[in-house]
Structure formats: C-alpha cells, structure tokens
Amino acid sequence: MSVSEAAPKRKTKREFVLASMLIAIFIAAIEGTIVATAIPSIVASLGGFSLFSWVFSSYLLMQTVTIPIYGKMADLFGRRPVFVFGVAVFLIGSLMCGLAETMLQLIVFRFVQGFGAGAIQPIAMTVIGDIYPGEERGRVQGYISGVWGLSSVIGPAAGGLIVQYFDWAWIFWLNIPVGVLAVIGAYMFLHEHVEKKKRNIDFAGAALLFCGAGALLLVLVLGGVRWPWLSGTTLGMTGLAAALLLLFLLRQRQAAEPIMPLSLWQNRMVAVGNLASLSTGIVMMGYSAFLPTHVQGVMALSPTAAGFVLAMMSIGWMLASTFGGRALKRVGYRPMAISGGVLLAAGSAFFLLLKGIPSPLIAGAGSLIVGAGMGLASTTFIVAIQTGVDWNMRGAATASNMFMRVLGTTVGAALLAGIMNTRLLAYFRRDQGLASDYALDLDLTNRLLDPHAAENLPASVTTILQNGLADALHVVYLAATGVALLSLLLMAAMPSSARVAPRKRTAEGEGFR
C-alpha cells in the first residue's frame, strides 16, 4: 500500500518508468489488430464460426466496464500495485487464450484478458501524468500516440506472419515476455508514497457500475444484430441498465470513496473533455468501422487498398498528437481543442464527397485529416484533465475520460450500423429491377464484399448493391459529420486553461519519490 519505510531514498526513474508504461500500452493497443488478422485461422482450428464475434466483444466488454474501477483503485492504493495486478491478469488471460481448445473456452479466456486490460492503459497514462509535470505531459502524449500508431501499422502484418509460419496461439503468448518487462520496470523503478490510512472501498458502487455498464454494452453490441431493437430482450436489458446506472449514481452521492466521484463532473474541464471524448469516439468509429466497407464494396478495391486508406487515420493521429503535445503549452487548451474540432469537421466534408466521387484519394485525405483532428483533440483532453485535478483524483479522472471515449466508439458502432442497415433496406425496397432469382436483402451485400463471390454476381445486381451501399454510407457520413460539428461546439466550451493541481509532492511528480 505504500513504499517501504526501509528505503526512503529510492527515487522514481522517469525514463525507465515511461518505457515500461509505453510497453504496456503497446501490448494493449496491438491486441485488437493482431487478433483480427488471426481470426480466420482461429476459427479454422477451433470451429464455432457463429461465436467468433464474441472473441472481440468479450474482451471489449470486460475492458470497458473495469476502466473506472481500476482508476479509482489506483487513487486509493497507488498506481504500481493496481498496474502490476492488471498486467498480471492480462498475461494470465493471454496464456489461457493460447491454450484454448474450443471457441467457447477462448471467449471465456478473453473475458479474463479483458479484465486485466482494463487497468493497463488508464493506469499507465495516469502514471505518466504523475511523473511528468504539466508542461511536459503534452510532449509525452506524443510518444503514446506514436505507440498507438505503430501498433496499428504492425499489428495486422505481425498477425499474418504468425498464423502463416507459426501456431495462432503465439499471437497471445508473445504478450507474456513483453508484459513481464513492463511489470519488472514498474516494480523496480516506480516508487510511490501513498498515505497510510484505512480505505473504504465502494464494493456496492463497483458492482452496480460493472453490471449496469455491462448491460448497456450488451445492448449496444447485440441490439439490432442478435436482438431486434424493439424486442422484449432489448427493452428489458435497456431498462435494467438504466436502473442499475441510476442506482450507481445515487450510490456515488453516499459513498465515502466513490468509484467515479460526481465532483469530477463539477470541474468544467473534466465535464467538457469527457463529453467531447464521447462524441469524438462516435465520429472515429463512423469512419474507421465503415470506410473499409466503402473502399471494398463500393469502389471494388482490394483489402490492401482499404487498409492503406484506414492507415492514413493512424498516421494523421500520430503526427498531429506529436505536434500538438509540443505546442500545447504555447497555444493553450481551448485553441488546440478547437483546432482539432475544425479538422474533424473538415475531414468529414471529404467523406461526404465520396458518393459522387468514389475515389480512394479523397477517402485517404479525409481519413488523414480526421486522424489529425482526433490527435489534437485527444491529446488536449487528457493533458487538460490531468492538470486540472489533484493527485488523489487523477486516476479516476483519467479513467473517466477513457471510459467515455470507449463508450463513444461502442455507441457509434451500434448507432451508425443501425443507420446503415435501415437506409440500405429502404433502398432495397424500391423497385430496382433486380432479377427475381436474387433475394434483395442485407445478406446479398456480404457477397459484394467477397471478391470471389462478387465475380459471380450479374453486373446489374452489382450496380444496385454498390449504389445502395454508397447511399447508406453517405447517410452514415452525414450523421458522423453532425456529431463532429457537435464535438466542435463542445470544444469551443472548454476553459482556456486548467486549474493546476496543488504541488503537495516532490518536483519529480506528485506521489512519487
């Protein structure tokens, strides 16, 4: 719970701690892309094709609902023990995933892996916020964005090489030696000073948040896919989620050590930053999830071309975040955030052109500009929020921002997919003169995305499917553009500067020796 009194002179070594945190962020960031590449080989080995989407959903659900809980635990007990625990659970889950013999086992083990992953990114970013003062945090955020960009580029390639030349289990097992390095670095070089006092853990609040957020995410993941939106199951689960989350909010007013202190939302910087993170998460998902479908289905280009167009978003994010982090101190939070919002809106305008001009160059330019907007905005939000709260609230504040961004991506995926499917079905209901031996439904669109199956479709059918998909995706881009403009309004409401947290600790970083 606190640093041993026998070693009062041990100091945190920032460079080694930063390296350890970046390593941990890397293994968490690459997890999604490397697994996505390997999923066909996993299905071929384990079977259970109907369940394979849960390989992703189980990890996402558990990671998301535990982020706020870990953030508060880090404020109560210190960053190091919570970080080490999370990485250890993540590595145990990785080991178990590689040993899975059925798809059901793999899904269960992915729950374990996600339970640990919920601690990695928020605690790592909180530690970085602790050991680097406000004027340096922006620069260090550029390193974090670089790690994310690197993982998004090498993840698919690494996954492909592993499944081609080795067993697919190694995509999970390779996490273990890398994660162990992160744990060793944190244990040896991160030395905290946590005040010794009795802690009142809000177990009831944690349980309500876990169950309520989990129920909400289940609705967002399965609604419109496995459960019709107006079915009794969907409505019942939505009501349960609302009731549990309401009880959670009431509990937070009473708890001595609330999991997500409501006082955080009274801080204008935190409130605006979190709401803007929610909306920008929706925007990001609107393009990153549907752009490959546009490139392959409407433009009839290869998956490699789709990957290139999408990679432009990561490149823009990484470059803008690096620049923004270094310029943040000179420019200020509000102007930097507004710049990010303007880029988001400008990039969205490029996607609106795709219906009339289906060019990968326009798609790539829009992707690059949207990525740049996300890089400026996300860097500004996290640095401003960490600067605007005290040390003993920084973990919860950082986790709340990450939770809202992940929630935004989940909401965006569900909301925009629903818009696309509804618009596409409406298009199909019109008299398009489709041959009677083809059922005009969403399943037929799957054949358009399969190069081999698409070759066997009549030209008239292909044209109708492409036009319908282009029309539906245009509506998706309109919705994403609207949310981008809302994000810009939120960013304009940000304070021009954050309240600097009191320096109760050493100059090397609050809470660390």
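How close do the axes of helix α13 and helix α18 come, and at what angle do they cross? The close-ups below take up that pairing and two other spots in this predicted model.

**View 1. Helix α13 crosses helix α18.** Here we look at α13 (residues 333–352) beside α18 (residues 459–492), whose axes come within 9 Å and cross at roughly 165 degrees. Because angles over 145 degrees count as roughly antiparallel, α13 is described as roughly antiparallel to α18. The crossing of the two helices is left-handed. By class, the contact of α13 with α18 has 14 nonpolar, 5 polar and 1 charged residues.

**View 2. The residues where α13 and α18 meet.** On the α13 side, look for R334, A337, I338, G340, G341, V342, L344, A345, S348, F351 and L352. Their counterparts in α18 are H474, Y477, L478, T481, A484, L485, L488, M491 and A492.

View 3. The buried ones are L291, P292, T293, H294, V295, G297 and V298. Following α11 comes A300, with a positive phi near 60 degrees.

View 4. You will find T379 in helix α14 (residues 360–387). T379 has a relative accessibility of 2%, so it counts as buried, the cut-off being under 20%. Its side chain reaches the backbone oxygen of G375 at 2.9 Å. Leaving aside residues up to four places away in sequence, T379 touches G138, Q141, S145, S321 and G325.

Note on methods. Residues are numbered from 1 along each chain as its sequence is written. This is a predicted model: local features need pLDDT of at least 70, side-chain atom pairs count only at pLDDT 80 or more; totals for chains, interfaces and linings use all residues. Side-chain values use heavy atoms; hydrogens and water are left out. Axes are lines fitted to C-alpha atoms, for helices over the stretch in contact, and angles run from 0 to 180 degrees between N-to-C directions. Helices (H or I, at least four residues) and strands (E, at least two) are DSSP runs, numbered from the N terminus. Angles under 35 degrees count as roughly parallel, over 145 as roughly antiparallel, 65 to 115 as roughly perpendicular and the rest as oblique. A crossing is left-handed if the near helix is turned anticlockwise from the far one by less than a right angle, and right-handed if clockwise. Contact means heavy atoms within 4.5 Å. Ala, Val, Leu, Ile, Met, Phe, Trp, Tyr, Cys and Pro count as nonpolar, Asp, Glu, Lys and Arg as charged, and the others, Gly among them, as polar. Buried means under 20% relative accessible area, exposed over 50%, partly exposed in between (1.4 Å probe, protein chains only). A polar contact is a pair of N or O atoms within 3.5 Å; within protein, one must be able to donate a hydrogen and the other to accept it, and residues adjacent in sequence count only if both atoms are side-chain atoms.
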